[in-house]
Structure formats: structure tokens, C-alpha cells
Amino acid sequence: VPAKIKPDATTTMVCGYCSTGCGLKIHLKEGEAVNLSPTTEYPVNLGMACPKGWEALSVLDAPDRATTPLLRGPTGELEPAAWDVALNEFCDNFKRIQSESGPGSVAFLSTGQLVTEEMALLGSLAKFGMGMLHGDGNTRQCMATAATAYKQSFGYDAPPYTYQDFEESDVMVLVGSNLCVAHPIMWERVCRNPHAPKIIVVDPRRTETAVSATEHLAIKPKSDLAFFYSVAHVLIREGWVDRGYVDAHTADYDGFAEFVQAFTPERAAQASGIAVETIEALSRTIHEGQRVSFWWTMGVNQNYEGTRIAQALINLALMTGNIGRPGTGANSITGQCNAMGSRLWSNTTGLLGGRYFTNEGDRQHVAGVLGIPVEKIPTEDSWPYHQIMEGIREGKIRGLWILCTNTAHSWIHQSDARELLGKLDFLVVQDMYHTTETAQLADLVLPAAGWGEKEGTFINSERRFGVVKKVRKAPGEALSDFSILRLIAEAWGCGEMFKEWTTPEAAFKIIQRLSAGLPSDITGVEDYADLDRAGGAQWPCTEKAVDVDQQRRLFADGRFCHQDGRARFLWEEPRPMPEPPDKEFPYLLLTGRGAASQWHTQTRTSKSAVLRKLYPQKPYVEIGAQDARREGFRTGDRVALTSRRGRIEVGVTVSPTMMPGQLFIPMHYDVTNQLTLAHFDPYSHQPSYKDCAVSIEKAAK
Ligand code: SF4
């Protein structure tokens, strides 16, 4: 080992990119991180890490780190400012807007990347301290559908599984999920399954995961509901329903069974392009499996029918009794490192802990635990992300505080989103980097510390709290988001309300008190050190973390979180695509993750020379061989893609992943959302990123 990275000590913490939540051993020299390696003992990754994890430290050294507050000056440029000036500008402008247009005229948009303690402090400061009514997270873009589906079906946002289920299933149905690329360490866990599971991938694209599966069912995009309802139809027709489980633990099954009578395999075959025999064979496979698990990610969540599709999978798990046992479950895999923290603790559209702003008892309880007047808690739910954006259009939102997310790149129908951000009276962006597309539009940039430069907890996809630590000093005057929030509370004049929130660990204790009695109760965890020693702890955890079994699933007793203890069957008639391909725009554009080395808008991954080598730097569109032949395209040609909202030029790649009539662009390039259509699932309000009609032609030289 070269002397400069030869460690004199090590410590452990969880990775700050994806929801897998791998444990990393940080190599320290004189107290500073100099290198890292995956932790072999951590129950999540068992000694493995993907390229992003290996490169997690290198992106902290980027030259475009925000190292001082930046304020847009008279020349129109962002110029360095002292912290006290920045805080005054923050408070003066937001208070002015609120006094002119009401407290709800300032809102915030945050992220699934902050630690849980920062999320809870942000949501509490903004709503209880500053009087805001509206705030949401970028988690609206990736997992709101799963959260809504679970709340409606189970009575609480409670993904039931543990990663060990990857190794214990004998049948796995993966829907709209490219695990190999999006969650590579979870895929490694699947590969360790000793039961030689049948893996059925349901996805319009022949992804890396589909190629590696036992069977790939390339359904037509947006035919999911008809397809899964017909699987239920066959299970009922053949008498393959676990009536004992259904009668004991669920409600509304009979209505569902009657509804799916109309979804014959013949009807589903026509809608989905999957043969009748294949639908029947899948139903038989599910019936014959001893431990069947259903998994989904963005192919389901980012869909205008997403909530009902997720529930179509939940229905299949319930009707076959595949839940609460090892290797089973209706299992949403989420995206960001702390999307699960955002789901329960961001205090955005749900009150702290998965409670409800509209419920007086919930408000009283939270006010009591926090020691604040109940009148400080809003009595209405926040607007979700898209409504906040619409609020800007209507002049109802005039001030916006964006933390650790890149709206100007990632929000659907990008040109419209950028125009809306430009309409704001005052835009504050709090981020590690001052060069994001969104920071460049800001009136004020607050420099934030990143992962590795602050402490707190993340909650991973299997509900596991894991600790992150400060192993580097943040550059320049950058501060942890927690410290920035405390400074803002003082400057705003509501610091007294947050006097107990002195450190992230003190905030964790408050979160614990708030969790008491909830399905996500974590009152047993002693402290961060207990979490660290235990290898994290899945909620619920009412004993010391080191004393509990580290692989736990929910609903083993068949009791769900609705008051009557029963899970609900939920269903709905499929709806047509809002913008189907036509003569003018004959292709359907799909978007998604491109490579395991890329992350979201590349704010961080583009800063690593190693990661940059692992994925194409220039945007490209994938097209199937048949379409490419007809259009006269060869890989490397420059093409123009046009939708009703925009026109972009990119390289073309002829790819075996694509079915005829479909194109694919990774979401990581800032051109992608120039094309997408702003439409949403009506229950979760999640954007449907994966269906807009486009045309493609050779670009002029
Ligand atoms: Fe980090 Fe996710 Fe990669 Fe694990 S799989 S190392 S959590 S990015």
C-alpha cells in the first residue's frame, strides 16, 4: 500500500448512493479518509461494492465543490458572500414573500440523499418554524408509487422483505427492474441463491437482467395491468388460490376475483403481446413455487398507472399466500440511499413517522412529543412536487428552497420546469456543487457538506437504519445540511423551537420518540454505536440493535397495518396511454438507468475519472436492429429525436435490448427530459417518465 494511503485506523459506514445501503470500511490516516473497501461483515453487501461505492471518496475532491455561499449580485453573476450575509438574504427574501403572499407562498424541494435526521429537521423547521405549507422530495420521482400502494394495501408504507429473501426464493418475478445495473449488489445476492430459482423478468426491454434471467417476457409498454390481472384470472380459474390465507388475512378478495373474470389470457395476450400459453405457464410457475417473490422498481413506479400495477403484484402475493415467509413478498426496491428515510421522516406530504397532517390526533401527538404548540402544525397535506411546480406557474409559490436535488435536469418536461424556476422571486439551492443545472439558476447557493463529511443515518430498501460518519472535513466554508438548518432556525428567529436538535444523534433520539408505537418503531436502538456494532437495524426494532436477528421480514403473523389487520385487494380498469405513438411521432421513448457507474443527473458520478471511463460521456439513444435497418441508421450516427415538447440531437446505438417501435435514453443526460411528457399517477402523483411519443431522423451534418 502506498504510504499516503496506508491507513492507521478504519471505521465503517454505509454508502451514500443507492438504496442497497452497502457497508463500507473507511481507511483513515490521521483521522481523515484516504481510501475505502467494502465491509465483509455487513449483512447487506457481504464484502461487495459496485463502482460507485468504490469511488465514493473521489467525488468529494471535485474542483466545483461549493465552498462558500454564493449570492447573485448586481452583475447577474453568482458571487461569494459571507455566511451571515447569506442567512440574512435567505430570511429577508422568504419573509418578504410570505408577508406579501402568505406563508404557503414559499416551499421547499428536497431529496432522498440527506440523512434521516436532516430530513426530519428540515421538514419540522420549514413547516413548524417557518410556517411553510408545502414541501416535497425528489423521492416523488422514484418511489411515491410504492409508498402509496403499500399504504393503501397494507395500511402503512411497509416494504415487507429482507435481502435474505433474494437467496431464499425459488421463483422470482422481477417487473420493470434492471437489478444488474440499478442495484448490482442486490443482483449479486440473487446470484448467490442456492435454490436455482426461476427468475422471470417482465420488462419491455431486453435488459442485462432479462438476458440473465430464466425467462424474459417482453410485454408491450403500459400493458402491465391487463397482463397481471390475467395471471390472477388463471390462478382463480385453475383453483390455485390460497383461500385459507385470503380468508384469514385479507379483505375485498371477492370483488377482485369478479373483476378479473374479464381479463382472460386471450385479452391480455392481445394487450401485452405475450402468448396465452406463456401467461398460463407463468401462472403455473407461481402456483408451483414454494417461495415466490415479486419485485419491482421504476418500470412500475414511474408509470401513470403505477399504484395499481404495484397493487396488481401485491394482489398476486396475497392470493397465493406468498408474503411473510422466507423467500416471498410483494417487494418494492427503492432508489436513493435514504428514500426510505424520506418516505417516513421528511415531514413533507406525510406528518413525521408516516402520520397524517389531516388527523388531529396525529398532530396532537407530534406536538406533544416535540413540545411545540399544536397550532404550529399545518392541518393540510403538502402539495406534491408537481403541484408545487404548478403553484409557481399560478403565482402561488414565489419562493423556493431546493436541497440536494437537480430539478432543472431531472423534472419531467424540462423546458417547462426551467421556465417555472425562472419565474420565482427567490430561489435558494443548497448543494455540494455550485455547477448543477439548478444551482446555476439560483439567487443564493448554500454550500453543503456531502456524504463522508457529516453524520447521521440512512434507511435502506429493506428498512435497515445504517450509520454514516464524518471522515473528511468539508471544503472551505461548506457545512453539513444539519448545521445549515440550525443556522437558518436561529436567523429566522425560531431557534428555541429546535433547541433539543443539537446534533444528528440528538435528532435521532427525537425520531425514536416519535416512532414509538408505529409499525416503524425504533425505540430499542440504543445509539449510533449500537447500530454500528449490530450492522444496522431493520425497523421495527424495539430491542437493542445488537440483540435482534438481523434479517427480519414483516407480516409473518399475517397481521397487516389496517385497523382490522387485513390487507386490501385493490384494482382498476386499465387506461389508455396519454400520448401513444402515431404517424407523426411513431416511436415510444423509454427512459431509465444507463449503467451501474452512473447516478441520477451525474452531479457526483461525473466527478470521478474512473466512473467516467465506465459509461459513455455523450448522450445516446438505443434502437432495435429492425427499426435501425428500416431507418438506415448505424451505431454512431447522429440522430435528431423530436417530441411535442422538444428536439434533441444524440448518437444512436443499435441494440438488441430494444423491441420494434421503442427507443431508450438513459435519464442521466440533461437532454432526456427535454422530450418527456408531464403526466402522473393519480394516487401517488409520481411522474410517468417512460412513455412519450417521438420521431427519429438522421441529424443534418
Ligand atoms: Fe453504494 Fe449502491 Fe453500489 Fe452498494 S450498490 S456500493 S449502496 S451505490
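Why does leucine 611 count as buried? I looked it up: leucine 611 counts as buried because it has 23 C-beta neighbours inside 10 Å. The cut-offs I used: a residue is buried if 20 or more other C-beta atoms lie within 10 Å of its own, exposed if 12 or fewer, and partly exposed in between, with C-beta atoms placed from the backbone.

Before going on, I noted that this is a predicted model, where local features need pLDDT of at least 70 and side-chain atom pairs count only at pLDDT 80 or more, while totals for chains, interfaces and linings use all residues. Residues are numbered from 1 along each chain as its sequence is written.

**Leucine 611, continued.** I found leucine 611 in helix α24, residues 609-613. (Helices are DSSP runs of H or I with at least four residues, strands are runs of E with at least two, and both are numbered from the N terminus.) Leaving aside neighbours within four places in sequence, leucine 611 is in contact with Pro51, Lys52, Glu55, Ser597 and Thr605. (In contact means that the C-beta atoms, placed from the backbone, lie within 7 Å.) I also checked alanine 62: it sits 549 residues from leucine 611 along the chain, yet their C-alpha atoms are separated by 13 Å.

Most residues other than glycine have a negative phi, and most peptide bonds are trans. So I went looking for exceptions. Histidine 600 has a positive phi, near 45°, and lies in the loop between β21 (587-592) and α24. Glutamate 30 also has a positive phi, near 50°, and its place is in the loop between β2 (23-29) and β3 (32-38). Are these two buried or exposed? Histidine 600 counts as buried because it has 24 C-beta neighbours inside 10 Å, whereas glutamate 30 is exposed, with 8 other C-beta atoms within 10 Å. I noted a cis peptide bond too, from tryptophan 539 to proline 540, with omega near 0°. Proline 540 lies in the loop between β19 and β20 (567-568).

**Strands.** Strands of a sheet pair through backbone hydrogen bonds, either parallel or antiparallel. I found an open sheet of three strands in the order β17-β18-β19, with antiparallel pairing. (Two strands pair if DSSP finds at least two bridges between them.) Its edge strands are β17 (453-459) and β19 (537-538), each pairing on one side only. Five bridges join β17 to β18, residues 464-470, and glutamate 453 has lysine 470 in β18 as its bridge partner. For a parallel case I turned to β12 (residues 292-296), which four bridges join to β13; there, serine 293 has glycine 329 as its bridge partner. Both faces of β13 (residues 329-332) are covered: Gly329 and Asn331 on one side, Ala330 and Ser332 on the other, are all buried.

**Domains.** The assignment, automatic or from a database, gives domain 1 (3-61), domain 2 (70-140 + 337-502), domain 3 (144-332) and domain 4 (587-698). I read off 36 Å between the centres of domain 2 and domain 3, taken over C-alpha atoms. Their contact takes eight residues from domain 2 and eight residues from domain 3.

Notes:
Contact = placed C-beta atoms within 7 Å.
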